[in-house]
Each structure stands twice: as C-alpha cells, then as structure tokens.
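Hi everyone, thanks for coming. Let me put the sequence and the model up on the screen, and then we'll walk through a few parts of it together.

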Amino acid sequence: MRHIQISEYRQHPAVRELLALAADPVDEAALQELLDDCERLQVLAAFGKDGTPAALAAYRLHDKYSLCVEYLAVLGTQQRRGLASALLRRLQKLHGRCLWATTDDDAVDFYRALGCVISDSAADPRWPGARRYLCTLPHAPLLARQPDTDPAYEQVDGRPSRGIIDLAPADGRWPDDFEKIRAALAAALGARALAIEHTGSTSVPGLPAKPLIDIALLVPDADDEERYVPQLRAAGMVFWHREPGWYKHRMFKPGAGTGLANGNIHVFSAGSPEFLRMVLFRDHLRSHPADRDAYAEVKREAAQQLAALRGAQGLVMDYNWIKEPFILDLHRRIFSR
C-alpha cells in the first residue's frame, strides 16, 4: 500500500473504475468532477501483483480526533480479499484517529463487520432517496483518555442547574420524547445532522434517571457555529453553553415554546471520541443487566450524597463527579476489549 496523487492517475483505467464504483458518477463530466474532488484529498491505494491499483481510500484529516473516508472502492476482480478493511486499518494506524464515513445499505454491513458504530444519518443530496448511515470506527487509545486542555466553559443563554437530584423510575415514554426531539433537530438541520442518538440513562430500559432526555447530535464541525446554531435557535432550541476545549462540545435545550420534553442536546463533531463513549456506554448497559443495576445503585448513592452535602444548592456537575469513578472503571473494561 502507498499514497498516490490522483493528478498522476486521472487517465488510469483502474483508478477511473474504482472511483466510478465508489461514487457512481452519471457521466464523464461527473467523473471529472469526482477526480477534481479527489485531487484535494489524500489517497491510499493497494496494488495488485502487476502493479495496478486494486483498491483505494480517498480521505481527509477531519480534526485531531478523526479522519473522514470520502470514497472507498475495490475492483470487482479483487473483492473478498480483505483489501478495503486493510486500507482502513492502515489509515487508522498511520494517523491514530477515529475514522468515519457515510454510506448506504450496500456497504453498511461491511462497516458494521469492521467494528464501526452505526447511526442513522441524514439524506445525502448526492444520492437523493437513499437511506444513509454514519459509520464510526473507534480508536481505543483516544477513548481511553480525556483531553488534557482547559475545556474553556462559556455560558451562553443557560446557567448551571442547582437542586436536589430526583431520580425517576424508568419510563416507557422516554423513547417517544427522544423521537420528537430528534424529528425537530432533523427538520432544522437537514443534511448537517450527521447523527442524532438517544444517550444517557433515559436511553437504557430499566435504568432510573433524571427525567431529562440526553441526545448526542453530530454535525460536520461543531466549531463552525454559523452552520447550525441559527437553525437550532430558529427551531426553538436554547444555546445553553459551549466547551470548545472538550471535543468542541456545545449544549442546547429545547425551549419552553417547543412543547418538547426537557433535555440536553450535546453537539459534537463527527468522529468525536466522546460521542463514541456515550453510545458504547449506552449499548453496554442495555446488554449487561448486572452493570446496569450496579450503575443504578451508584446513581442513587450519588444523589443521596449530594443532597446530604449541598442540599438544594447541589450542582448536576457535582452529581456527575461522584459517579465518575464507576463510569471510568466501566469505560476501561469496555474500551480494552
């Protein structure tokens, strides 16, 4: 495998065939546009014994946590030999980042078998009508550690929440509450909503929780607020705070006029390690009742401890800090597999 410059391969029949497989251009003009696009990307290629490109991955370094695979293809005569998987594994080893791509029904099972977290994604204007998925391959070392920089908490229109932590029994209405918020976010952002996942305790059947719906919303770049903040505000969402140094995190809440359930909408960039932690932690608790029940007990003890220490002046962040040792230990078990 080695990197190639598409400018040197524009007329190579194998490369043209690979890109046609990757993006299905409708004619020669569309293929030329695709070649132009790939000249702006990095391209890793695998070669056959005769030196002909047999597979390629065209990608861009998205941020310090992730890279985005824009196009991936293997020649028909070279398929089922593990070339696509080998290309992506090599990219992750070279760059030490999480890897993400959007795809359709034809390729989603490939990414699932690779170990990707699969989320429903917004429709892509390039392929109207096709169901799309966001596929994110975790990079374990990034999930095992937190940023060591100042998160730079900046209050916007919200304020820290104080009060007694009141845990409610699991409620069968919570999935419907999430779905209504998800629909509002999807309508507001369209193709910019790369994934919208129900996370937190209300997403785990049988787990007691604060009656507040946690949602992870992925956009292309959470730092690029002009591309999504006006749309969310227009939809009635309140911009609560930002933490640029913590995976570019922004948080919104449904406004009172939306008629939506109370919730925290956590905005991250695609490929975010924190998004992956949220989803993998949720999925583990859903499938491991013993850990779910142990976490439920930790939550109850944390709420009682905070009430005893702070009373009605307790902060939610203090409640989260009390739970943190259990969560970090469970993270270590999940991410060391």
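Strands E2 and E3 make a hairpin with five residues between them, and in that turn glycine 51 has a positive phi of about 85°. A quick note on what you're looking at: this is a predicted model, where local features need pLDDT of at least 70 and side-chain atom pairs count only at pLDDT 80 or more, while totals for chains, interfaces and linings use all residues. Residues are numbered from 1 along each chain as its sequence is written, and side-chain values use heavy atoms, with hydrogens and water left out.

Strands here are DSSP runs (E, at least two residues) and helices likewise (H or I, at least four), numbered from the N terminus. Two strands pair if DSSP finds at least two bridges between them. E2, residues 42–47, runs antiparallel to E3 with six bridges, and phenylalanine 47 sits opposite proline 53. On to E4, residues 66–74: eight bridges tie this antiparallel strand to E3, with arginine 60 facing cysteine 68. E3 and E4 are a hairpin too, with two residues between them.

So how enclosed is E3? Nine of its eleven residues are buried, so E3 is largely enclosed by the rest of the structure. Buried means under 20% relative accessible area, with a 1.4 Å probe and protein chains only.

Finally, the largest nonpolar core: buried Ala, Val, Leu, Ile, Met, Phe, Trp, Tyr and Cys residues joined through side-chain atoms within 4.5 Å. It has 31 residues, and Leu218, Phe281, Leu285 and Tyr295 touch the most other members. Helix H8 gives the largest share, six residues.

Technical notes
Buried < 20%, exposed > 50% of the residue type's maximum accessible area, 1.4 Å probe, protein only.
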